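Biologist: I would like to learn how to read strand pairing and a nonpolar core from a model. Can we go through one case?

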Amino acid sequence: MNNPFLPEKMQILDIIPETPIDHTYVLAREKPVRPGQFLQLSVPGAGEAPISVSDFDDGRLFVTIRKVGRLTEAIFDLAPGDFLFARGPYGNGFDYSDYFGTNLKVIAGGTGLAPVKKVIKNFLGSDRVAGLEVLLGFKTPADILYRDEVRAWVEAGVATLTVDQSDSGWTGNTGLITGYLKNLDLREIENCRFIVVGPPVMIKFVTLELLLLQVPEDNIWVSFERKMSCGIGKCGHCKIDETYVCLEGPVFRLPKARRLLD
Ligand SMILES: Cc1cc2nc3c(=O)[nH]c(=O)nc-3n(C[C@H](O)[C@H](O)[C@H](O)COP(=O)(O)OP(=O)(O)OC[C@H]3O[C@@H](n4cnc5c(N)ncnc54)[C@H](O)[C@@H]3O)c2cc1C
Ligand code: FES
(Lines give C-alpha, C1' and ligand atoms only; values in the text may rest on other atoms or scores of the structure.)
(Ligands and ions follow the chains in the order given, each with its own letter.)
Protein backbone atom coordinates (compact mmCIF):
# COMPACT_ATOMS: atom_id res chain seq x y z
CA MET A 1 0.00 0.00 0.00
CA ASN A 2 1.22 3.51 -0.80
CA ASN A 3 2.41 5.50 2.19
CA PRO A 4 0.45 8.82 2.08
CA PHE A 5 3.16 10.54 4.13
CA LEU A 6 5.84 9.83 1.54
CA PRO A 7 6.59 13.06 -0.38
CA GLU A 8 7.54 13.31 -4.05
CA LYS A 9 10.63 15.12 -5.28
CA MET A 10 9.87 18.23 -7.31
CA GLN A 11 12.56 20.10 -9.21
CA ILE A 12 12.72 23.88 -8.96
CA LEU A 13 12.67 25.16 -12.55
CA ASP A 14 12.80 28.86 -11.71
CA ILE A 15 12.56 31.31 -8.82
CA ILE A 16 10.81 34.64 -9.27
CA PRO A 17 11.51 37.20 -6.53
CA GLU A 18 8.24 39.06 -5.84
CA THR A 19 9.45 41.04 -2.79
CA PRO A 20 12.54 40.56 -0.58
CA ILE A 21 10.55 38.07 1.56
CA ASP A 22 8.17 36.54 -1.00
CA HIS A 23 9.46 34.34 -3.80
CA THR A 24 7.52 32.37 -6.39
CA TYR A 25 8.90 28.90 -7.08
CA VAL A 26 8.17 27.30 -10.42
CA LEU A 27 8.14 23.53 -9.92
CA ALA A 28 8.10 20.65 -12.37
CA ARG A 29 4.87 18.77 -11.86
CA GLU A 30 2.36 16.80 -13.95
CA LYS A 31 -0.28 15.77 -11.36
CA PRO A 32 -3.62 17.65 -11.68
CA VAL A 33 -4.40 20.35 -9.13
CA ARG A 34 -7.28 22.76 -8.42
CA PRO A 35 -6.92 26.45 -7.56
CA GLY A 36 -7.09 26.96 -3.78
CA GLN A 37 -5.62 23.53 -3.00
CA PHE A 38 -2.39 23.28 -1.05
CA LEU A 39 0.73 21.12 -0.96
CA GLN A 40 2.58 19.95 2.12
CA LEU A 41 6.03 21.19 1.10
CA SER A 42 9.18 20.05 2.87
CA VAL A 43 12.94 20.22 2.95
CA PRO A 44 14.61 17.30 4.76
CA GLY A 45 15.70 18.40 8.23
CA ALA A 46 13.87 21.74 8.04
CA GLY A 47 10.23 20.66 8.36
CA GLU A 48 7.03 20.63 6.40
CA ALA A 49 4.23 23.21 5.94
CA PRO A 50 1.08 23.79 3.89
CA ILE A 51 1.63 26.11 0.92
CA SER A 52 -1.10 27.13 -1.55
CA VAL A 53 -0.84 26.50 -5.24
CA SER A 54 -0.79 29.95 -6.86
CA ASP A 55 -0.79 28.92 -10.51
CA PHE A 56 -0.24 25.96 -12.83
CA ASP A 57 0.00 25.06 -16.48
CA ASP A 58 1.20 22.07 -18.47
CA GLY A 59 3.92 20.43 -16.41
CA ARG A 60 4.50 23.44 -14.14
CA LEU A 61 3.15 24.39 -10.75
CA PHE A 62 3.73 27.74 -9.00
CA VAL A 63 3.88 28.42 -5.26
CA THR A 64 4.55 31.79 -3.63
CA ILE A 65 6.37 31.48 -0.35
CA ARG A 66 6.89 34.06 2.39
CA LYS A 67 10.08 33.62 4.41
CA VAL A 68 8.83 33.46 8.01
CA GLY A 69 10.52 30.52 9.76
CA ARG A 70 12.63 27.39 9.67
CA LEU A 71 11.24 25.67 6.58
CA THR A 72 10.68 28.75 4.47
CA GLU A 73 14.22 29.99 5.27
CA ALA A 74 15.57 26.63 4.07
CA ILE A 75 13.52 26.95 0.88
CA PHE A 76 14.96 30.43 0.30
CA ASP A 77 18.46 28.84 0.35
CA LEU A 78 17.55 26.64 -2.65
CA ALA A 79 18.32 27.49 -6.28
CA PRO A 80 16.90 26.47 -9.66
CA GLY A 81 17.82 22.84 -10.33
CA ASP A 82 17.49 21.93 -6.63
CA PHE A 83 14.62 19.79 -5.34
CA LEU A 84 11.73 20.42 -2.97
CA PHE A 85 9.58 17.63 -1.53
CA ALA A 86 5.80 17.71 -1.66
CA ARG A 87 2.72 15.74 -0.63
CA GLY A 88 -0.67 16.52 -2.09
CA PRO A 89 -2.39 18.46 -3.52
CA TYR A 90 -4.82 18.51 -0.60
CA GLY A 91 -8.00 20.33 0.31
CA ASN A 92 -11.09 21.16 -1.71
CA GLY A 93 -9.97 24.30 -3.55
CA PHE A 94 -12.32 26.54 -5.53
CA ASP A 95 -14.97 25.00 -7.77
CA TYR A 96 -15.17 27.14 -10.94
CA SER A 97 -18.76 26.04 -11.56
CA ASP A 98 -19.88 27.89 -8.40
CA TYR A 99 -19.19 31.15 -10.27
CA PHE A 100 -20.42 30.43 -13.81
CA GLY A 101 -22.85 33.11 -15.03
CA THR A 102 -22.33 35.35 -11.98
CA ASN A 103 -20.69 38.70 -11.34
CA LEU A 104 -17.60 37.48 -9.54
CA LYS A 105 -15.76 39.79 -7.14
CA VAL A 106 -12.40 38.59 -5.83
CA ILE A 107 -11.15 40.52 -2.79
CA ALA A 108 -7.61 39.63 -1.74
CA GLY A 109 -5.27 41.04 0.89
CA GLY A 110 -1.49 40.52 0.84
CA THR A 111 -0.35 36.93 0.33
CA GLY A 112 -4.05 35.98 0.16
CA LEU A 113 -3.72 36.77 -3.53
CA ALA A 114 -1.71 33.56 -4.07
CA PRO A 115 -4.54 31.01 -3.66
CA VAL A 116 -6.94 33.04 -5.85
CA LYS A 117 -4.53 34.12 -8.59
CA LYS A 118 -5.44 31.16 -10.80
CA VAL A 119 -9.17 31.83 -10.30
CA ILE A 120 -8.66 35.43 -11.48
CA LYS A 121 -6.61 34.30 -14.49
CA ASN A 122 -9.19 31.65 -15.37
CA PHE A 123 -12.12 34.10 -15.50
CA LEU A 124 -10.26 37.11 -16.92
CA GLY A 125 -11.96 37.93 -20.24
CA SER A 126 -14.03 34.74 -19.98
CA ASP A 127 -17.68 34.56 -21.01
CA ARG A 128 -18.26 31.88 -18.37
CA VAL A 129 -18.84 34.69 -15.84
CA ALA A 130 -21.15 37.68 -16.34
CA GLY A 131 -18.37 39.92 -14.98
CA LEU A 132 -15.15 39.90 -12.97
CA GLU A 133 -13.89 42.58 -10.59
CA VAL A 134 -10.82 42.27 -8.39
CA LEU A 135 -10.00 44.32 -5.30
CA LEU A 136 -6.44 44.01 -4.01
CA GLY A 137 -4.84 45.43 -0.88
CA PHE A 138 -1.20 45.31 0.24
CA LYS A 139 0.53 46.88 3.25
CA THR A 140 2.92 49.04 1.20
CA PRO A 141 3.89 49.34 -2.48
CA ALA A 142 6.94 47.16 -1.73
CA ASP A 143 4.65 44.30 -0.69
CA ILE A 144 2.78 44.04 -4.02
CA LEU A 145 2.95 40.52 -5.47
CA TYR A 146 2.84 39.57 -9.17
CA ARG A 147 3.50 43.20 -10.15
CA ASP A 148 3.32 42.80 -13.94
CA GLU A 149 0.08 40.82 -13.84
CA VAL A 150 -1.50 43.12 -11.24
CA ARG A 151 -0.53 46.17 -13.33
CA ALA A 152 -2.15 44.57 -16.40
CA TRP A 153 -5.37 43.80 -14.46
CA VAL A 154 -5.51 47.42 -13.20
CA GLU A 155 -4.83 48.82 -16.69
CA ALA A 156 -7.57 46.57 -18.12
CA GLY A 157 -10.02 48.09 -15.60
CA VAL A 158 -10.60 44.72 -13.92
CA ALA A 159 -8.73 45.40 -10.68
CA THR A 160 -8.57 48.14 -8.06
CA LEU A 161 -5.31 48.18 -6.13
CA THR A 162 -4.74 49.94 -2.80
CA VAL A 163 -1.92 50.04 -0.23
CA ASP A 164 -2.39 50.71 3.50
CA GLN A 165 0.58 53.09 3.66
CA SER A 166 2.44 54.67 0.78
CA ASP A 167 5.96 55.95 0.42
CA SER A 168 7.04 58.84 -1.75
CA GLY A 169 6.55 58.14 -5.44
CA TRP A 170 3.34 56.10 -5.02
CA THR A 171 0.56 57.71 -7.02
CA GLY A 172 -2.06 54.99 -6.62
CA ASN A 173 -4.83 54.38 -4.08
CA THR A 174 -4.07 54.47 -0.37
CA GLY A 175 -6.15 53.15 2.51
CA LEU A 176 -7.62 49.90 3.73
CA ILE A 177 -9.29 47.54 1.28
CA THR A 178 -12.65 47.95 3.08
CA GLY A 179 -12.66 51.61 1.97
CA TYR A 180 -12.77 50.49 -1.69
CA LEU A 181 -15.68 48.03 -1.49
CA LYS A 182 -17.88 50.91 -2.61
CA ASN A 183 -15.96 50.93 -5.94
CA LEU A 184 -17.36 47.49 -6.79
CA ASP A 185 -20.38 47.34 -9.08
CA LEU A 186 -23.01 45.90 -6.74
CA ARG A 187 -26.11 46.87 -8.72
CA GLU A 188 -27.25 43.30 -9.38
CA ILE A 189 -26.26 42.16 -5.93
CA GLU A 190 -28.28 38.93 -6.07
CA ASN A 191 -26.08 37.76 -8.96
CA CYS A 192 -22.79 38.77 -7.29
CA ARG A 193 -20.48 36.15 -5.79
CA PHE A 194 -17.55 37.10 -3.56
CA ILE A 195 -14.27 35.36 -2.79
CA VAL A 196 -12.45 36.92 0.18
CA VAL A 197 -8.91 35.80 0.99
CA GLY A 198 -6.29 37.39 3.21
CA PRO A 199 -5.28 37.80 6.84
CA PRO A 200 -8.03 36.86 9.35
CA VAL A 201 -8.62 40.49 10.37
CA MET A 202 -9.12 41.52 6.74
CA ILE A 203 -11.53 38.61 6.09
CA LYS A 204 -13.48 39.57 9.21
CA PHE A 205 -13.98 43.23 8.31
CA VAL A 206 -14.55 42.70 4.58
CA THR A 207 -17.20 40.03 5.19
CA LEU A 208 -18.90 42.24 7.83
CA GLU A 209 -19.10 45.10 5.30
CA LEU A 210 -20.47 42.75 2.62
CA LEU A 211 -23.18 41.55 4.99
CA LEU A 212 -24.08 45.19 5.71
CA LEU A 213 -24.42 45.65 1.93
CA GLN A 214 -27.07 42.87 2.02
CA VAL A 215 -24.88 40.24 0.33
CA PRO A 216 -26.36 36.81 1.23
CA GLU A 217 -23.88 34.80 3.34
CA ASP A 218 -24.13 31.88 0.93
CA ASN A 219 -22.67 34.03 -1.86
CA ILE A 220 -19.39 34.62 0.00
CA TRP A 221 -16.44 32.17 0.00
CA VAL A 222 -13.35 32.48 2.21
CA SER A 223 -10.16 30.44 2.42
CA PHE A 224 -9.14 29.46 5.89
CA GLU A 225 -5.45 29.24 6.88
CA ARG A 226 -5.37 26.98 9.89
CA LYS A 227 -2.38 25.16 11.34
CA MET A 228 -2.20 21.79 9.64
CA SER A 229 0.04 18.81 10.05
CA CYS A 230 -0.88 15.66 8.12
CA GLY A 231 -3.17 17.34 5.56
CA ILE A 232 -5.15 14.10 5.13
CA GLY A 233 -7.59 13.92 8.05
CA LYS A 234 -5.44 11.72 10.31
CA CYS A 235 -3.81 13.88 13.01
CA GLY A 236 -6.66 16.19 14.10
CA HIS A 237 -4.46 19.34 14.15
CA CYS A 238 -6.85 21.26 11.91
CA LYS A 239 -10.06 19.87 13.41
CA ILE A 240 -12.72 22.29 14.67
CA ASP A 241 -15.70 20.49 16.18
CA GLU A 242 -16.41 17.76 13.62
CA THR A 243 -14.77 19.57 10.68
CA TYR A 244 -11.37 18.63 9.30
CA VAL A 245 -10.25 21.87 7.63
CA CYS A 246 -7.62 19.97 5.61
CA LEU A 247 -10.28 17.77 4.01
CA GLU A 248 -13.41 19.95 3.82
CA GLY A 249 -11.50 23.24 3.37
CA PRO A 250 -9.52 25.37 3.20
CA VAL A 251 -12.25 27.00 1.05
CA PHE A 252 -15.60 27.42 2.81
CA ARG A 253 -18.80 29.32 2.16
CA LEU A 254 -19.25 31.98 4.84
CA PRO A 255 -22.06 30.31 6.86
CA LYS A 256 -19.80 27.32 7.53
CA ALA A 257 -16.67 29.46 8.05
CA ARG A 258 -18.50 31.56 10.64
CA ARG A 259 -19.62 28.46 12.52
CA LEU A 260 -15.99 27.31 12.61
CA LEU A 261 -14.75 30.67 13.88
CA ASP A 262 -17.46 31.11 16.58
C1 LIG B 1 -3.92 26.08 3.81
C2 LIG B 1 -2.68 26.93 4.01
C3 LIG B 1 -2.09 27.53 2.91
C4 LIG B 1 -0.91 28.30 3.08
N5 LIG B 1 -0.35 28.86 1.97
C6 LIG B 1 0.80 29.56 2.10
C7 LIG B 1 1.43 30.11 0.93
O8 LIG B 1 0.94 29.98 -0.21
N9 LIG B 1 2.58 30.77 1.10
C10 LIG B 1 3.16 30.94 2.35
O11 LIG B 1 4.23 31.57 2.43
N12 LIG B 1 2.58 30.45 3.47
C13 LIG B 1 1.42 29.76 3.37
N14 LIG B 1 0.84 29.23 4.49
C15 LIG B 1 1.46 29.47 5.80
C16 LIG B 1 2.67 28.56 6.03
O17 LIG B 1 2.25 27.20 6.06
C18 LIG B 1 3.33 28.92 7.39
O19 LIG B 1 3.86 30.22 7.32
C20 LIG B 1 4.41 27.91 7.84
O21 LIG B 1 4.37 27.86 9.25
C22 LIG B 1 5.82 28.27 7.42
O23 LIG B 1 6.70 27.32 7.98
P24 LIG B 1 8.12 27.75 8.58
O25 LIG B 1 8.74 26.50 9.15
O26 LIG B 1 8.91 28.50 7.57
O27 LIG B 1 7.75 28.77 9.68
P28 LIG B 1 7.49 28.47 11.25
O29 LIG B 1 8.81 28.23 11.88
O30 LIG B 1 6.44 27.46 11.36
O31 LIG B 1 6.99 29.89 11.66
C32 LIG B 1 5.66 30.33 11.31
C33 LIG B 1 5.32 31.59 12.11
O34 LIG B 1 5.50 31.35 13.48
C35 LIG B 1 6.39 32.32 14.00
N36 LIG B 1 7.29 31.64 14.93
C37 LIG B 1 8.19 30.70 14.64
N38 LIG B 1 8.82 30.32 15.75
C39 LIG B 1 8.30 31.07 16.76
C40 LIG B 1 8.53 31.15 18.15
N41 LIG B 1 9.45 30.40 18.78
N42 LIG B 1 7.78 32.03 18.88
C43 LIG B 1 6.85 32.80 18.28
N44 LIG B 1 6.60 32.76 16.96
C45 LIG B 1 7.31 31.91 16.23
C46 LIG B 1 7.17 32.85 12.83
O47 LIG B 1 7.60 34.18 13.05
C48 LIG B 1 6.17 32.80 11.75
O49 LIG B 1 5.33 33.93 11.77
C50 LIG B 1 -0.34 28.48 4.38
C51 LIG B 1 -0.95 27.89 5.47
C52 LIG B 1 -2.11 27.12 5.30
C53 LIG B 1 -2.76 26.48 6.50
S1 FES C 1 -4.09 18.40 9.24
FE2 FES C 1 -4.17 16.43 10.18
S3 FES C 1 -6.30 16.10 10.32
FE4 FES C 1 -6.20 17.93 9.17
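Modeller: Start with one pair of residues in this predicted model: Asp22 stands opposite Arg66 in E5.

Biologist: How many bridges join strand E2 to E5, and in which sense do the two run, parallel or antiparallel?

Modeller: Strand E2 (residues 22-28) and E5 run antiparallel, joined by seven bridges.

Biologist: Which residue is the bridge partner of Val53 in E5?

Modeller: Val53 is paired with Val63. Strand E4 (residues 47-57) also pairs with E5 in the antiparallel sense, here over four bridges. The hairpin of E4 and E5 has two residues between the strands, and Gly59 takes a positive phi near 80° there.

Biologist: Is strand E5 mostly covered or mostly exposed?

Modeller: A general point comes before the case. Side chains in a regular strand alternate between the two faces of the sheet. As for E5 (residues 60-66), five of its seven residues are buried, so count a residue as buried when 20 or more other C-beta atoms lie within 10 Å of its own.

Biologist: Which residues have the most contacts inside the largest nonpolar core?

Modeller: They are Val63, Val106, Ile107, Ile195, Val196 and Val222, in a core of 64 residues. Helix H2 (residues 113-123) gives the most to this core, with six residues. Domain 1 (8-90) and domain 2 (96-261) each supply at least three residues to the core.

Biologist: What does Val196 touch, leaving out residues up to four places away in sequence?

Modeller: With those left out, Val196 touches Ile107, Ile203, Val206, Thr207, Ile220 and Val222.

Methods. Residues numbered from 1 in each chain as written. Chains lettered and ligands numbered in written order. Predicted model: local features only at pLDDT ≥ 70, side-chain atom pairs only at ≥ 80, totals over all residues. Core = buried A, V, L, I, M, F, W, Y, C linked by C-beta atoms within 7 Å. Buried ≥ 20, exposed ≤ 12 C-beta atoms within 10 Å, placed from the backbone. Domains from an automatic or database assignment. Contact = placed C-beta atoms within 7 Å. Pairing = 2+ DSSP bridges.
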